[in-house]
Amino acid sequence: MSAAMQALRSNRIVTTERLMMIPPGKENLPDLTRLKGDDRVFGIMLHGVRTAERTREELEDDTDFWEVRGYGTWCVFERTSGDFLGICGFMERPDGRGVALRYALWPECRGKGYAREAARAALAFGHAAGLKRIIAVARFTNHASRAVMQDIGMTPAGDFRHKGEAMLVFESLA
């Protein structure tokens, strides 16, 4: 069986009404390099815009994370067109706060509910995979991301400062 067929039969693929979320593979590197190298998308993410080399390293880390944990980050595609919209999934926060939900979609996707749809599906997957507490972090000034977190049922759970920016922590408890 080909790797593509194995992936399609995987319980790691999440589908929603409009989206298909697939763990990333080497075939996604060009899309991920464009997304993570775009300041409009990754300029506000933890550690900022990525180089092509860093994106390649993160893809390897994401693959390993899935193998070890059984959850991770997905590439998000629109089901009808097959268009790559961005990423959504989980990462272990380097500051020790726990497993965090994150999402980063192209600016052209804003206002269409894709982030909410992907984040809601990811939360359900994460809790079903055994995560009792999932956090998400947003800059205080990132009202759109904060609205997504609240709309999918996450609740405020604290704040901190990072590089002079006020950050808010939200959580979802199983």
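The largest pocket of this predicted model holds about 840 Å³ of space. Its lining is made up of 38 residues, and those closest to the pocket centre are Ile-44, Met-45, Tyr-103, Asn-142 and Ser-145. Several elements give two or more residues to this lining: the helices are H3 (39–42), H5 (114–128) and H6 (143–151), and the strands are E5 (99–105), E6 (133–139) and E8 (165–173). Strand E5 gives the most, with six residues. By class, the lining of the largest pocket comprises 20 nonpolar, eight polar and ten charged residues.

Two packed helices are described by the angle between their axes and the distance between the axes. Helices H5 and H6, both of which contribute to the pocket lining, pack against each other with their axes 9 Å apart and at an angle of about 45 degrees. Because an angle of this kind falls in the oblique class, H5 is oblique to H6. The crossing of these two helices, H5 and H6, is right-handed. On the H5 side, the contact is formed by Ala-115, Arg-116, Ala-119 and Arg-120, which meet Ala-147, Val-148 and Asp-151 of H6. The contact of H5 with H6 contains four nonpolar and three charged residues, and no polar ones.

A further helix pair is formed by H2, which spans residues 29–36, and H4, which spans residues 52–69. The axes of H2 and H4 lie 9 Å apart, and the angle between the two helices is about 120 degrees. H2 and H4 are therefore oblique to each other, and their crossing is right-handed. From H2, the residues in contact are Leu-29, Leu-32, Thr-33 and Lys-36. These meet Ala-52, Thr-55, Arg-56, Glu-58, Leu-59 and Asp-62 in H4. The contact of H2 with H4 divides into four nonpolar, two polar and four charged residues.

How values were computed
Residues are numbered from 1 along each chain as its sequence is written. This is a predicted model: local features need pLDDT of at least 70, side-chain atom pairs count only at pLDDT 80 or more; totals for chains, interfaces and linings use all residues. Side-chain values use heavy atoms; hydrogens and water are left out. On a 1 Å grid over the protein atoms alone, a cavity is a set of points where a 1.4 Å probe fits but cannot get out, and a pocket is an open set with protein on both sides within 12 Å along at least five of seven lines; lining residues have an atom within 4 Å of a point. Grid points are joined across faces, edges and corners, and a volume is the space filled by probe spheres set on the points. Helices (H or I, at least four residues) and strands (E, at least two) are DSSP runs, numbered from the N terminus. Ala, Val, Leu, Ile, Met, Phe, Trp, Tyr, Cys and Pro count as nonpolar, Asp, Glu, Lys and Arg as charged, and the others, Gly among them, as polar. Axes are lines fitted to C-alpha atoms, for helices over the stretch in contact, and angles run from 0 to 180 degrees between N-to-C directions. Angles under 35 degrees count as roughly parallel, over 145 as roughly antiparallel, 65 to 115 as roughly perpendicular and the rest as oblique. A crossing is left-handed if the near helix is turned anticlockwise from the far one by less than a right angle, and right-handed if clockwise. Contact means heavy atoms within 4.5 Å.
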